[in-house]
Amino acid sequence: MSALSERISIHTGDITRLAVDAIVNAANSSLLGGGGVDGAIHRAAGPELEFECRMLNGCKVGEAKLTRGYKLPARYIIHTVGPVWQGGGKGESALLASCYRRSLEIAAAKDCKTVAFPAISTGIYRYPRNEAADTAVGTASDFLQQNALPETVVFCCFDDQTAELYRRAVARLEER
Ligand code: AR6
């Protein structure tokens, strides 16, 4: 087992249930809630989350901002805004990589040992799942190789097919 595969874990299930130091939210630039995983996180965290989010003045695509986790088992929520897929020629891949990198930087600055990510942009924002998994795993792995924290990155997939894409993305990276 390489150090990399020991520090990346792939989980199938609901990210709001994970008792980790921080979960990442696939938000929109208003940070005031929405559908998908964002809606689930706001429902599970409770109304105080939106109250804190209102003070943050939104968030740019590719950037990330931190709040408390409120009623979630996770201590923090890192809200990031993924790109809307527009065919791939509008810098989507660099913006998606930036979401992962900025979220990991914030997690490290808060001493988070374990951080869980959903598959950012692959739902309502229509980013192709396979390409998104490659970017997620590649960016996280670069970060882990250069930083001691977080110790572990969890990719929390909502279904088994997505989890399988992540397993293959990790395997491709380890073959290199
Ligand atoms: N746990 C883990 N993953 C989940 C969960 C959950 N509870 N619920 C959905 N997913 P999406 P986006 C998966 O649409 O594409 C919101 O309205 C889902 O299967 O939540 O970045 C925001 O406010 C998919 O793989 O986020 C924005 O407006 C992944 O999470 C917009 O949607 C991301 O799907 C963001 O769109």
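Reader: Which residues in helix 5 meet helix 6?
Author: In this predicted model, Arg129, Asn130, Ala133, Asp134, Ala136, Val137, Gly138 and Ser141 in helix 5 meet Thr162, Leu165, Tyr166, Ala169, Val170, Arg172 and Leu173 in helix 6, where contact means heavy atoms within 4.5 Å. The residues of this contact divide into eight nonpolar, four polar and three charged, with Ala, Val, Leu, Ile, Met, Phe, Trp, Tyr, Cys and Pro counted as nonpolar, Asp, Glu, Lys and Arg as charged, and the others, Gly among them, as polar.

Reader: And what should I know about the numbering and the confidence limits?
Author: Residues are numbered from 1 along each chain as its sequence is written, and side-chain values use heavy atoms, with hydrogens and water left out. Local features need pLDDT of at least 70 and side-chain atom pairs count only at pLDDT 80 or more, while totals for chains, interfaces and linings use all residues.

Reader: At what angle do helix 5 and helix 6 cross?
Author: The axes of helix 5 (residues 129-146) and helix 6 (residues 160-175) cross at roughly 50° and come within 9 Å, the axes being lines fitted to C-alpha atoms, for helices over the stretch in contact, with angles that run from 0 to 180 degrees between N-to-C directions. That makes helix 5 oblique to helix 6, since angles under 35 degrees count as roughly parallel, over 145 as roughly antiparallel, 65 to 115 as roughly perpendicular and the rest as oblique.

Reader: What about helix 4 against helix 5, at what angle do they cross?
Author: Their axes cross at roughly 40° and come within 9 Å, so helix 4 and helix 5 are oblique to each other. Ser93, Leu96, Ala97, Tyr100, Arg101, Leu104, Glu105 and Ala108 in helix 4 meet Ala132, Thr135, Ala136, Thr139, Ala140 and Phe143 in helix 5, and by class this contact has nine nonpolar, three polar and two charged residues.

Reader: Is Ala132 buried or exposed?
Author: Ala132, which lies in helix 5, counts as buried because its relative accessibility is 2%, buried meaning under 20% relative accessible area, exposed over 50% and partly exposed in between, with a 1.4 Å probe and protein chains only. Leaving aside neighbours within four places in sequence, Ala132 is in contact with Leu96, Thr122 and Tyr127, and the C-alpha atoms of Ala132 and Thr122, 10 residues apart along the chain, are separated by 7.1 Å.

Reader: Switching topic, what comes just after helix 4?
Author: Just after helix 4, Asp111 takes a positive phi of about 65°.

Conventions. Helices (H or I, at least four residues) and strands (E, at least two) are DSSP runs, numbered from the N terminus.
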